[in-house]
Amino acid sequence: MTTVKDKMLPRFKAKIDYETCIKCGRCGENCTYDAIIFNRDEDMPIVKSTGNCVACQRCVTFCPVDAIAITPYPVEFAPHGTWTPYHIRGVMEQARTGAVLLSGMGNDRPFPMVFDNLVWDACQVTNPAIDSLREPVETRTYIGRKPKNLSITKNRGKFALEDLPANVGISTPLIIGHMSLGSVSYNAITAMYRAVEDVGTMMGTGEGGLHKDHYVYRDNLIGEVASGRFGVNPDYLKLGAIEIKIGQGAKPGHGGQLPGEKVTQLISDTRGIPLGTDALSPNPQHDIYSIEDLKTLIAALHEATEYQSPVGVKIAAVNNVAAIASGIVRAGADFMTIDGFRGGTGAAPRVIRDNAGIPIELAIASVDQHLRNEKIRHKVTIIAGGGLRSSSDLIKVIALGADVGNIGTSALIALGCKVCQQCPTGKCSWGIATGNPVLANRIDIDWGAQRVSNLLRGWTHDLSEVLGTMGIDAVESLVGNRDRLRYVGPNPREAEILGVKHAGERIGTGGE
(Lines give C-alpha, C1' and ligand atoms only; values in the text may rest on other atoms or scores of the structure.)
Protein backbone atom coordinates (compact mmCIF):
# COMPACT_ATOMS: atom_id res chain seq x y z
CA MET A 1 0.00 0.00 0.00
CA THR A 2 1.33 3.40 -0.98
CA THR A 3 1.47 5.91 1.86
CA VAL A 4 1.90 9.67 1.75
CA LYS A 5 5.59 9.19 2.55
CA ASP A 6 5.96 6.85 -0.45
CA LYS A 7 4.38 9.29 -2.89
CA MET A 8 6.53 10.30 -5.85
CA LEU A 9 6.53 13.95 -6.79
CA PRO A 10 4.83 14.42 -10.19
CA ARG A 11 6.88 15.38 -13.24
CA PHE A 12 4.09 16.86 -15.38
CA LYS A 13 0.69 18.37 -14.90
CA ALA A 14 -2.26 18.71 -17.24
CA LYS A 15 -4.04 22.05 -17.12
CA ILE A 16 -7.56 22.57 -18.48
CA ASP A 17 -8.94 25.97 -19.42
CA TYR A 18 -12.50 25.45 -18.21
CA GLU A 19 -13.70 28.65 -19.88
CA THR A 20 -12.73 27.19 -23.26
CA CYS A 21 -13.55 23.55 -22.47
CA ILE A 22 -16.76 22.25 -24.14
CA LYS A 23 -16.98 19.20 -21.85
CA CYS A 24 -16.82 16.72 -24.73
CA GLY A 25 -14.95 14.15 -22.66
CA ARG A 26 -12.34 13.30 -25.30
CA CYS A 27 -9.47 14.03 -22.92
CA GLY A 28 -10.70 11.48 -20.41
CA GLU A 29 -11.38 8.89 -23.11
CA ASN A 30 -7.89 9.26 -24.59
CA CYS A 31 -5.86 9.38 -21.35
CA THR A 32 -4.65 5.85 -20.56
CA TYR A 33 -2.70 6.89 -17.46
CA ASP A 34 -5.68 8.28 -15.46
CA ALA A 35 -4.13 11.73 -15.36
CA ILE A 36 -7.46 13.12 -16.61
CA ILE A 37 -10.79 11.49 -15.89
CA PHE A 38 -14.22 12.54 -17.15
CA ASN A 39 -16.82 12.72 -14.41
CA ARG A 40 -20.10 11.81 -16.12
CA ASP A 41 -22.13 12.83 -13.08
CA GLU A 42 -20.81 16.37 -13.21
CA ASP A 43 -20.24 16.37 -17.00
CA MET A 44 -16.75 17.69 -16.34
CA PRO A 45 -13.15 16.62 -17.07
CA ILE A 46 -11.11 16.47 -13.89
CA VAL A 47 -7.31 16.60 -13.58
CA LYS A 48 -6.07 14.09 -11.04
CA SER A 49 -3.12 15.40 -9.02
CA THR A 50 -1.59 11.95 -8.51
CA GLY A 51 1.44 12.42 -10.71
CA ASN A 52 0.07 10.13 -13.40
CA CYS A 53 0.71 12.46 -16.34
CA VAL A 54 3.64 11.30 -18.52
CA ALA A 55 3.42 14.06 -21.17
CA CYS A 56 2.24 11.72 -23.93
CA GLN A 57 0.22 14.71 -25.27
CA ARG A 58 -2.71 12.57 -26.39
CA CYS A 59 -5.22 14.74 -24.57
CA VAL A 60 -3.72 17.92 -26.06
CA THR A 61 -3.82 16.50 -29.58
CA PHE A 62 -7.45 15.39 -29.43
CA CYS A 63 -8.92 18.38 -27.61
CA PRO A 64 -11.09 20.06 -30.29
CA VAL A 65 -10.83 23.52 -28.70
CA ASP A 66 -7.17 23.52 -27.57
CA ALA A 67 -8.16 23.85 -23.94
CA ILE A 68 -5.42 21.63 -22.48
CA ALA A 69 -1.75 22.30 -21.77
CA ILE A 70 0.94 20.00 -20.34
CA THR A 71 3.51 21.74 -18.18
CA PRO A 72 6.30 20.68 -15.83
CA TYR A 73 4.84 20.18 -12.38
CA PRO A 74 5.35 23.37 -10.34
CA VAL A 75 7.39 21.70 -7.61
CA GLU A 76 11.15 22.04 -7.85
CA PHE A 77 13.85 19.97 -6.22
CA ALA A 78 16.44 22.03 -4.36
CA PRO A 79 19.26 22.78 -6.81
CA HIS A 80 22.30 20.57 -6.37
CA GLY A 81 25.20 19.93 -8.73
CA THR A 82 25.47 16.25 -7.80
CA TRP A 83 21.94 15.22 -6.79
CA THR A 84 19.93 16.01 -9.89
CA PRO A 85 16.19 15.15 -10.19
CA TYR A 86 17.23 12.15 -12.33
CA HIS A 87 19.16 10.62 -9.41
CA ILE A 88 16.78 11.69 -6.64
CA ARG A 89 13.77 10.20 -8.42
CA GLY A 90 15.67 6.99 -9.05
CA VAL A 91 16.54 6.60 -5.36
CA MET A 92 12.96 7.38 -4.31
CA GLU A 93 11.44 4.88 -6.73
CA GLN A 94 13.78 2.06 -5.77
CA ALA A 95 13.27 2.80 -2.07
CA ARG A 96 9.55 2.44 -2.74
CA THR A 97 9.67 -0.73 -4.88
CA GLY A 98 12.95 -2.51 -4.20
CA ALA A 99 13.02 -3.43 -7.89
CA VAL A 100 15.07 -2.78 -11.03
CA LEU A 101 13.93 0.43 -12.72
CA LEU A 102 12.71 -0.31 -16.24
CA SER A 103 12.36 2.29 -18.95
CA GLY A 104 11.63 2.45 -22.65
CA MET A 105 13.22 4.31 -25.55
CA GLY A 106 16.90 5.19 -25.67
CA ASN A 107 19.50 6.69 -23.36
CA ASP A 108 18.18 10.05 -22.15
CA ARG A 109 21.33 11.25 -20.40
CA PRO A 110 22.78 14.52 -21.77
CA PHE A 111 25.85 12.97 -23.41
CA PRO A 112 27.25 14.98 -26.33
CA MET A 113 26.01 13.98 -29.79
CA VAL A 114 29.08 13.33 -31.94
CA PHE A 115 26.95 13.71 -35.09
CA ASP A 116 26.42 17.36 -34.16
CA ASN A 117 30.18 17.95 -34.28
CA LEU A 118 30.37 16.89 -37.93
CA VAL A 119 29.60 18.72 -41.16
CA TRP A 120 30.15 17.54 -44.72
CA ASP A 121 32.45 19.07 -47.28
CA ALA A 122 30.57 20.24 -50.37
CA CYS A 123 31.80 20.68 -53.94
CA GLN A 124 32.71 24.00 -55.50
CA VAL A 125 34.86 24.67 -58.58
CA THR A 126 37.37 21.91 -59.30
CA ASN A 127 35.05 19.15 -58.12
CA PRO A 128 31.63 20.09 -59.55
CA ALA A 129 28.40 19.19 -57.85
CA ILE A 130 25.67 16.99 -59.34
CA ASP A 131 22.13 18.23 -59.90
CA SER A 132 20.22 15.34 -58.34
CA LEU A 133 16.94 16.55 -59.86
CA ARG A 134 18.27 16.23 -63.42
CA GLU A 135 21.13 13.73 -63.13
CA PRO A 136 20.95 10.18 -61.77
CA VAL A 137 22.09 9.65 -58.18
CA GLU A 138 21.98 5.99 -57.11
CA THR A 139 20.70 5.22 -53.60
CA ARG A 140 20.19 1.49 -54.14
CA THR A 141 22.47 -0.86 -52.21
CA TYR A 142 22.73 -4.52 -51.16
CA ILE A 143 22.84 -6.39 -47.85
CA GLY A 144 25.12 -9.42 -47.93
CA ARG A 145 28.67 -10.68 -48.37
CA LYS A 146 30.53 -9.36 -51.40
CA PRO A 147 32.87 -11.62 -53.39
CA LYS A 148 36.48 -10.58 -53.92
CA ASN A 149 36.23 -11.41 -57.62
CA LEU A 150 33.30 -11.77 -60.00
CA SER A 151 32.96 -14.74 -62.33
CA ILE A 152 30.95 -13.91 -65.45
CA THR A 153 29.76 -16.49 -67.92
CA LYS A 154 28.15 -16.12 -71.33
CA ASN A 155 25.35 -18.44 -72.38
CA ARG A 156 23.38 -17.96 -75.61
CA GLY A 157 24.43 -14.34 -75.88
CA LYS A 158 23.51 -13.51 -72.27
CA PHE A 159 25.94 -12.72 -69.49
CA ALA A 160 25.41 -13.99 -65.93
CA LEU A 161 27.28 -13.81 -62.62
CA GLU A 162 28.35 -17.10 -61.09
CA ASP A 163 28.80 -18.08 -57.43
CA LEU A 164 27.42 -14.80 -56.13
CA PRO A 165 26.65 -14.98 -52.38
CA ALA A 166 23.08 -14.29 -51.26
CA ASN A 167 22.41 -10.55 -51.30
CA VAL A 168 19.22 -8.57 -50.79
CA GLY A 169 18.76 -5.41 -52.82
CA ILE A 170 17.16 -2.41 -51.12
CA SER A 171 16.15 0.88 -52.73
CA THR A 172 17.73 3.01 -50.02
CA PRO A 173 20.54 2.50 -47.48
CA LEU A 174 17.96 2.86 -44.71
CA ILE A 175 16.11 0.09 -42.88
CA ILE A 176 13.93 -0.15 -39.77
CA GLY A 177 15.55 -2.08 -36.95
CA HIS A 178 14.23 -5.01 -34.97
CA MET A 179 10.94 -4.52 -33.13
CA SER A 180 8.98 -7.53 -31.99
CA LEU A 181 5.25 -8.01 -31.97
CA GLY A 182 4.57 -7.54 -28.29
CA SER A 183 7.03 -4.74 -27.75
CA VAL A 184 4.87 -2.86 -30.27
CA SER A 185 1.27 -3.48 -31.23
CA TYR A 186 -0.11 -5.52 -34.12
CA ASN A 187 -1.29 -2.38 -35.93
CA ALA A 188 2.01 -0.56 -35.44
CA ILE A 189 4.18 -3.40 -36.69
CA THR A 190 1.85 -4.13 -39.61
CA ALA A 191 2.04 -0.48 -40.68
CA MET A 192 5.85 -0.56 -40.63
CA TYR A 193 6.02 -3.87 -42.50
CA ARG A 194 3.73 -2.46 -45.16
CA ALA A 195 5.86 0.68 -45.40
CA VAL A 196 9.16 -1.13 -45.99
CA GLU A 197 7.51 -3.29 -48.65
CA ASP A 198 6.16 -0.17 -50.33
CA VAL A 199 9.52 1.63 -50.31
CA GLY A 200 11.56 -1.46 -51.17
CA THR A 201 13.67 -1.76 -48.05
CA MET A 202 13.69 -4.01 -44.96
CA MET A 203 12.70 -4.23 -41.28
CA GLY A 204 13.72 -6.57 -38.46
CA THR A 205 11.12 -8.79 -36.79
CA GLY A 206 12.69 -8.60 -33.34
CA GLU A 207 13.04 -11.69 -31.19
CA GLY A 208 9.31 -12.40 -31.00
CA GLY A 209 8.89 -14.59 -34.05
CA LEU A 210 6.49 -13.67 -36.84
CA HIS A 211 2.70 -13.65 -36.76
CA LYS A 212 1.06 -15.75 -39.47
CA ASP A 213 -0.50 -12.62 -41.00
CA HIS A 214 2.92 -11.12 -41.64
CA TYR A 215 4.53 -13.82 -43.78
CA VAL A 216 3.25 -11.94 -46.83
CA TYR A 217 6.04 -9.43 -46.14
CA ARG A 218 8.74 -12.11 -45.77
CA ASP A 219 11.00 -10.80 -48.58
CA ASN A 220 11.31 -7.46 -46.77
CA LEU A 221 11.94 -8.86 -43.29
CA ILE A 222 15.07 -9.73 -41.34
CA GLY A 223 14.32 -12.54 -38.90
CA GLU A 224 16.08 -12.49 -35.54
CA VAL A 225 17.57 -15.55 -33.86
CA ALA A 226 17.99 -14.41 -30.26
CA SER A 227 18.90 -16.27 -27.09
CA GLY A 228 15.26 -17.05 -26.22
CA ARG A 229 14.55 -18.59 -29.65
CA PHE A 230 10.97 -17.28 -29.43
CA GLY A 231 8.99 -18.20 -32.53
CA VAL A 232 11.98 -19.65 -34.41
CA ASN A 233 10.94 -22.44 -36.78
CA PRO A 234 11.96 -23.63 -40.29
CA ASP A 235 9.44 -21.36 -42.06
CA TYR A 236 10.58 -18.34 -40.03
CA LEU A 237 14.16 -18.90 -41.22
CA LYS A 238 13.13 -18.42 -44.85
CA LEU A 239 12.79 -14.63 -44.72
CA GLY A 240 14.72 -12.03 -46.69
CA ALA A 241 17.63 -12.25 -44.25
CA ILE A 242 18.40 -13.78 -40.83
CA GLU A 243 20.28 -12.11 -37.99
CA ILE A 244 21.80 -13.61 -34.85
CA LYS A 245 21.29 -11.21 -31.96
CA ILE A 246 24.25 -11.10 -29.59
CA GLY A 247 23.42 -7.68 -28.11
CA GLN A 248 21.68 -4.37 -28.64
CA GLY A 249 22.73 -0.82 -27.92
CA ALA A 250 20.16 -0.07 -25.23
CA LYS A 251 21.30 -3.01 -23.08
CA PRO A 252 24.71 -4.46 -23.99
CA GLY A 253 25.32 -7.79 -22.27
CA HIS A 254 21.65 -8.11 -21.37
CA GLY A 255 18.86 -10.32 -22.73
CA GLY A 256 15.42 -9.40 -23.99
CA GLN A 257 12.61 -8.46 -21.66
CA LEU A 258 8.86 -8.39 -22.36
CA PRO A 259 6.74 -7.80 -19.23
CA GLY A 260 3.96 -10.35 -18.66
CA GLU A 261 1.22 -7.72 -18.86
CA LYS A 262 2.09 -7.31 -22.55
CA VAL A 263 1.94 -11.07 -23.30
CA THR A 264 -1.61 -11.31 -24.62
CA GLN A 265 -3.11 -14.30 -26.41
CA LEU A 266 -1.82 -12.91 -29.71
CA ILE A 267 1.73 -12.76 -28.34
CA SER A 268 1.40 -16.13 -26.62
CA ASP A 269 0.45 -17.80 -29.89
CA THR A 270 3.19 -16.05 -31.89
CA ARG A 271 6.02 -16.67 -29.43
CA GLY A 272 4.86 -20.05 -28.16
CA ILE A 273 4.91 -19.02 -24.49
CA PRO A 274 2.23 -19.10 -21.73
CA LEU A 275 -0.30 -16.28 -21.58
CA GLY A 276 0.64 -13.44 -19.20
CA THR A 277 4.15 -14.67 -18.39
CA ASP A 278 7.29 -12.54 -18.63
CA ALA A 279 9.28 -13.29 -21.79
CA LEU A 280 12.84 -13.16 -20.53
CA SER A 281 15.57 -14.28 -22.90
CA PRO A 282 18.97 -15.17 -21.40
CA ASN A 283 21.77 -12.63 -21.48
CA PRO A 284 24.09 -14.90 -23.55
CA GLN A 285 23.26 -17.29 -26.33
CA HIS A 286 24.11 -20.53 -24.55
CA ASP A 287 25.46 -22.14 -27.71
CA ILE A 288 27.88 -19.26 -28.38
CA TYR A 289 30.92 -18.87 -26.13
CA SER A 290 33.56 -18.31 -28.81
CA ILE A 291 34.01 -17.16 -32.38
CA GLU A 292 34.16 -20.85 -33.33
CA ASP A 293 30.71 -21.38 -31.78
CA LEU A 294 29.39 -18.37 -33.68
CA LYS A 295 30.84 -19.75 -36.92
CA THR A 296 29.00 -23.04 -36.29
CA LEU A 297 25.66 -21.26 -35.80
CA ILE A 298 26.16 -19.09 -38.90
CA ALA A 299 26.91 -22.21 -40.94
CA ALA A 300 23.83 -23.96 -39.51
CA LEU A 301 21.60 -21.03 -40.45
CA HIS A 302 23.09 -20.90 -43.96
CA GLU A 303 22.23 -24.56 -44.27
CA ALA A 304 18.72 -24.05 -42.87
CA THR A 305 18.03 -21.24 -45.34
CA GLU A 306 19.51 -23.29 -48.22
CA TYR A 307 22.01 -20.46 -48.76
CA GLN A 308 19.22 -18.27 -50.15
CA SER A 309 19.30 -15.60 -47.41
CA PRO A 310 22.24 -13.63 -46.02
CA VAL A 311 23.00 -14.37 -42.37
CA GLY A 312 24.15 -11.56 -40.10
CA VAL A 313 25.11 -10.84 -36.51
CA LYS A 314 23.92 -7.97 -34.33
CA ILE A 315 26.14 -6.61 -31.57
CA ALA A 316 26.11 -3.60 -29.28
CA ALA A 317 28.69 -0.84 -29.70
CA VAL A 318 31.22 -1.51 -26.95
CA ASN A 319 34.82 -0.48 -26.48
CA ASN A 320 36.42 -3.52 -28.19
CA VAL A 321 33.87 -3.52 -30.99
CA ALA A 322 36.49 -3.44 -33.77
CA ALA A 323 38.14 -6.69 -32.69
CA ILE A 324 34.72 -8.32 -32.21
CA ALA A 325 33.68 -7.22 -35.69
CA SER A 326 36.80 -8.80 -37.17
CA GLY A 327 35.92 -12.11 -35.55
CA ILE A 328 32.35 -11.91 -36.85
CA VAL A 329 33.54 -11.39 -40.42
CA ARG A 330 35.97 -14.29 -40.14
CA ALA A 331 33.16 -16.44 -38.73
CA GLY A 332 31.37 -16.10 -42.06
CA ALA A 333 28.72 -13.45 -41.38
CA ASP A 334 27.29 -11.83 -44.51
CA PHE A 335 26.31 -8.65 -42.70
CA MET A 336 26.73 -7.13 -39.28
CA THR A 337 24.60 -4.69 -37.32
CA ILE A 338 26.27 -2.42 -34.76
CA ASP A 339 23.90 -0.72 -32.35
CA GLY A 340 25.03 2.39 -30.45
CA PHE A 341 24.28 3.24 -26.85
CA ARG A 342 21.43 5.56 -27.79
CA GLY A 343 19.45 2.69 -29.32
CA GLY A 344 15.80 2.41 -28.39
CA THR A 345 14.15 -0.37 -26.43
CA GLY A 346 10.71 -1.41 -25.28
CA ALA A 347 12.01 -2.23 -21.81
CA ALA A 348 15.50 -2.13 -20.31
CA PRO A 349 17.01 -1.67 -16.85
CA ARG A 350 17.62 2.04 -16.69
CA VAL A 351 21.05 1.58 -15.12
CA ILE A 352 22.18 -0.38 -18.21
CA ARG A 353 20.38 1.74 -20.78
CA ASP A 354 21.94 4.96 -19.51
CA ASN A 355 25.49 3.84 -18.75
CA ALA A 356 26.61 0.99 -21.04
CA GLY A 357 28.06 1.06 -24.53
CA ILE A 358 29.61 3.78 -26.67
CA PRO A 359 28.32 6.19 -29.36
CA ILE A 360 27.64 4.64 -32.75
CA GLU A 361 29.70 7.31 -34.51
CA LEU A 362 32.93 6.28 -32.79
CA ALA A 363 32.14 2.56 -33.03
CA ILE A 364 31.48 2.61 -36.79
CA ALA A 365 34.58 4.63 -37.63
CA SER A 366 36.69 2.25 -35.53
CA VAL A 367 35.19 -0.90 -37.08
CA ASP A 368 35.43 0.36 -40.66
CA GLN A 369 39.08 1.33 -40.31
CA HIS A 370 40.02 -1.88 -38.48
CA LEU A 371 38.44 -4.09 -41.16
CA ARG A 372 40.14 -2.06 -43.89
CA ASN A 373 43.49 -2.52 -42.16
CA GLU A 374 42.86 -6.28 -42.08
CA LYS A 375 41.75 -6.18 -45.75
CA ILE A 376 38.41 -7.83 -45.02
CA ARG A 377 36.09 -4.81 -45.13
CA HIS A 378 34.74 -5.81 -48.55
CA LYS A 379 33.45 -9.12 -47.21
CA VAL A 380 30.65 -7.75 -45.06
CA THR A 381 27.77 -5.27 -45.12
CA ILE A 382 27.77 -3.02 -42.04
CA ILE A 383 24.47 -1.72 -40.70
CA ALA A 384 24.60 1.03 -38.08
CA GLY A 385 21.88 2.14 -35.66
CA GLY A 386 21.33 3.61 -32.24
CA GLY A 387 20.49 7.29 -32.30
CA LEU A 388 19.90 8.24 -35.94
CA ARG A 389 17.54 11.21 -35.60
CA SER A 390 17.54 12.65 -39.11
CA SER A 391 18.75 12.19 -42.66
CA SER A 392 21.89 14.16 -41.79
CA ASP A 393 22.79 11.55 -39.14
CA LEU A 394 22.23 8.83 -41.75
CA ILE A 395 24.54 10.55 -44.23
CA LYS A 396 27.26 11.05 -41.61
CA VAL A 397 27.18 7.46 -40.35
CA ILE A 398 27.53 6.18 -43.93
CA ALA A 399 30.51 8.47 -44.51
CA LEU A 400 32.02 7.13 -41.28
CA GLY A 401 31.86 3.58 -42.61
CA ALA A 402 28.34 2.09 -42.53
CA ASP A 403 26.74 0.65 -45.66
CA VAL A 404 23.20 1.00 -44.29
CA GLY A 405 21.54 3.06 -41.55
CA ASN A 406 19.10 1.53 -39.12
CA ILE A 407 16.29 3.47 -37.39
CA GLY A 408 13.68 2.57 -34.78
CA THR A 409 12.51 5.48 -32.65
CA SER A 410 12.24 7.74 -35.72
CA ALA A 411 9.75 5.32 -37.28
CA LEU A 412 7.73 5.21 -34.05
CA ILE A 413 7.65 9.01 -33.90
CA ALA A 414 6.25 8.94 -37.44
CA LEU A 415 3.44 6.77 -36.02
CA GLY A 416 2.71 9.31 -33.27
CA CYS A 417 5.11 8.35 -30.45
CA LYS A 418 5.95 11.26 -28.13
CA VAL A 419 8.93 9.50 -26.47
CA CYS A 420 7.34 9.52 -23.00
CA GLN A 421 9.35 6.35 -22.12
CA GLN A 422 6.36 4.44 -20.70
CA CYS A 423 6.71 1.50 -23.12
CA PRO A 424 7.08 -1.19 -20.39
CA THR A 425 3.68 -0.31 -18.89
CA GLY A 426 1.71 -1.38 -21.95
CA LYS A 427 -0.51 1.70 -21.57
CA CYS A 428 0.77 3.57 -24.65
CA SER A 429 -1.96 6.10 -25.39
CA TRP A 430 -0.96 6.20 -29.07
CA GLY A 431 -1.49 2.46 -29.55
CA ILE A 432 2.17 1.76 -30.34
CA ALA A 433 3.90 0.07 -27.38
CA THR A 434 0.90 -1.89 -26.13
CA GLY A 435 -0.69 -5.30 -26.34
CA ASN A 436 -4.15 -3.89 -25.64
CA PRO A 437 -6.16 -4.35 -28.86
CA VAL A 438 -8.45 -1.44 -28.00
CA LEU A 439 -5.47 0.92 -27.74
CA ALA A 440 -3.77 -0.67 -30.77
CA ASN A 441 -6.78 0.25 -32.90
CA ARG A 442 -5.92 3.91 -32.35
CA ILE A 443 -3.45 3.40 -35.21
CA ASP A 444 -5.02 3.16 -38.62
CA ILE A 445 -2.73 0.77 -40.50
CA ASP A 446 -3.10 2.53 -43.88
CA TRP A 447 -2.40 5.92 -42.30
CA GLY A 448 0.57 4.57 -40.35
CA ALA A 449 2.08 2.84 -43.37
CA GLN A 450 1.84 6.05 -45.39
CA ARG A 451 3.49 8.07 -42.63
CA VAL A 452 6.43 5.67 -42.31
CA SER A 453 6.77 5.40 -46.11
CA ASN A 454 6.89 9.19 -46.32
CA LEU A 455 9.63 9.30 -43.69
CA LEU A 456 11.78 6.72 -45.48
CA ARG A 457 11.30 8.42 -48.83
CA GLY A 458 11.96 11.86 -47.36
CA TRP A 459 15.31 10.77 -45.89
CA THR A 460 16.20 9.10 -49.20
CA HIS A 461 15.45 12.30 -51.14
CA ASP A 462 17.64 14.20 -48.67
CA LEU A 463 20.41 11.67 -49.23
CA SER A 464 20.23 12.19 -53.01
CA GLU A 465 20.41 15.95 -52.57
CA VAL A 466 23.45 15.77 -50.32
CA LEU A 467 25.26 13.24 -52.51
CA GLY A 468 24.80 15.73 -55.34
CA THR A 469 26.38 18.54 -53.29
CA MET A 470 29.36 16.24 -52.66
CA GLY A 471 29.71 15.35 -56.34
CA ILE A 472 28.95 11.68 -55.63
CA ASP A 473 26.57 9.82 -57.97
CA ALA A 474 26.14 6.57 -55.97
CA VAL A 475 25.75 6.05 -52.25
CA GLU A 476 28.27 3.19 -52.25
CA SER A 477 30.96 5.79 -53.07
CA LEU A 478 30.12 7.58 -49.81
CA VAL A 479 30.64 4.51 -47.60
CA GLY A 480 33.68 5.16 -45.40
CA ASN A 481 34.53 8.30 -47.38
CA ARG A 482 35.58 10.31 -44.36
CA ASP A 483 37.26 12.90 -46.59
CA ARG A 484 33.74 14.22 -47.18
CA LEU A 485 33.36 15.06 -43.46
CA ARG A 486 34.86 17.82 -41.34
CA TYR A 487 35.00 18.08 -37.56
CA VAL A 488 33.83 21.27 -35.82
CA GLY A 489 33.69 20.04 -32.20
CA PRO A 490 35.85 20.85 -29.19
CA ASN A 491 37.81 17.58 -28.94
CA PRO A 492 40.66 16.96 -31.46
CA ARG A 493 41.10 13.45 -30.03
CA GLU A 494 37.54 12.66 -31.07
CA ALA A 495 38.30 13.79 -34.62
CA GLU A 496 41.38 11.56 -34.62
CA ILE A 497 39.34 8.47 -33.61
CA LEU A 498 36.74 9.30 -36.25
CA GLY A 499 39.48 9.68 -38.87
CA VAL A 500 38.04 13.07 -39.87
CA LYS A 501 39.99 16.26 -40.58
CA HIS A 502 39.20 19.32 -38.52
CA ALA A 503 37.36 22.12 -40.29
CA GLY A 504 39.89 24.46 -41.88
CA GLU A 505 42.63 21.84 -41.90
CA ARG A 506 44.31 21.87 -45.31
CA ILE A 507 44.38 18.64 -47.33
CA GLY A 508 47.80 17.07 -47.24
CA THR A 509 48.78 18.58 -43.90
CA GLY A 510 49.00 16.81 -40.58
CA GLY A 511 46.81 17.57 -37.65
CA GLU A 512 49.67 18.75 -35.46
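T434 is buried, since its relative accessible area is 1%, where buried means under 20%, exposed over 50% and partly exposed in between, using a 1.4 Å probe and protein chains only. This is a predicted model, in which local features need pLDDT of at least 70 and side-chain atom pairs count only at pLDDT 80 or more, while totals for chains, interfaces and linings use all residues. Residues are numbered from 1 along each chain as its sequence is written, and side-chain values use heavy atoms, with hydrogens and water left out.

T434 sits in the loop between helix 11 (409–414) and helix 12 (437–440). Helices here are DSSP runs of H or I with at least four residues, strands are runs of E with at least two, and both are numbered from the N terminus. The T434 side chain reaches the backbone oxygen of G426 at 2.7 Å. That is a polar contact, meaning a pair of N or O atoms within 3.5 Å; within protein, one must be able to donate a hydrogen and the other to accept it, and residues adjacent in sequence count only if both atoms are side-chain atoms. Apart from neighbours within four places in sequence, T434 is in contact, meaning heavy atoms within 4.5 Å, with S183, V184, S185, K262, G426, C428, L439 and A440.

V419 also lies in the loop between helix 11 and helix 12. At 37% relative accessibility, V419 counts as partly exposed. V419 has a positive phi of about 55 degrees, although it is not a glycine. Most residues other than glycine have a negative phi. E306 also has a positive phi of about 55 degrees and is not a glycine. E306 is in the loop between helix 6 (291–304) and strand 17 (311–316), and is exposed at 52% relative accessible area.

Next, S227, in the loop between strand 13 (221–225) and strand 14 (241–245). S227 counts as buried, at 17% relative accessibility. A polar atom of its side chain lies 2.6 Å from the backbone oxygen of P282. Leaving aside neighbours within four places in sequence, S227 is in contact with S281, P282, P284 and Q285.

Now the helix pairs. How are two packed helices described? By the angle between their axes and the distance between the axes. Axes are lines fitted to C-alpha atoms, for helices over the stretch in contact, and angles run from 0 to 180 degrees between N-to-C directions.

Helix 4 (residues 186–199) and helix 13 (residues 445–470) pack at about 45 degrees, with axes 8 Å apart. The two are therefore oblique to each other; angles under 35 degrees count as roughly parallel, over 145 as roughly antiparallel, 65 to 115 as roughly perpendicular and the rest as oblique. Residues of helix 4 in the contact include N187, T190 and A191, meeting residues of helix 13 that include I445, D446 and G448.

Helix 7 (residues 321–330) and helix 9 (residues 360–373) pack at about 50 degrees, again with axes 8 Å apart. Helix 7 and helix 9 are therefore oblique to each other too. The contact is made by V321, A322, A323, A325, S326 and V329 of helix 7 with A363, S366, V367, H370 and L371 of helix 9.

Last, D393, in helix 10 (residues 391–400). D393 counts as buried, at 1% relative accessibility.
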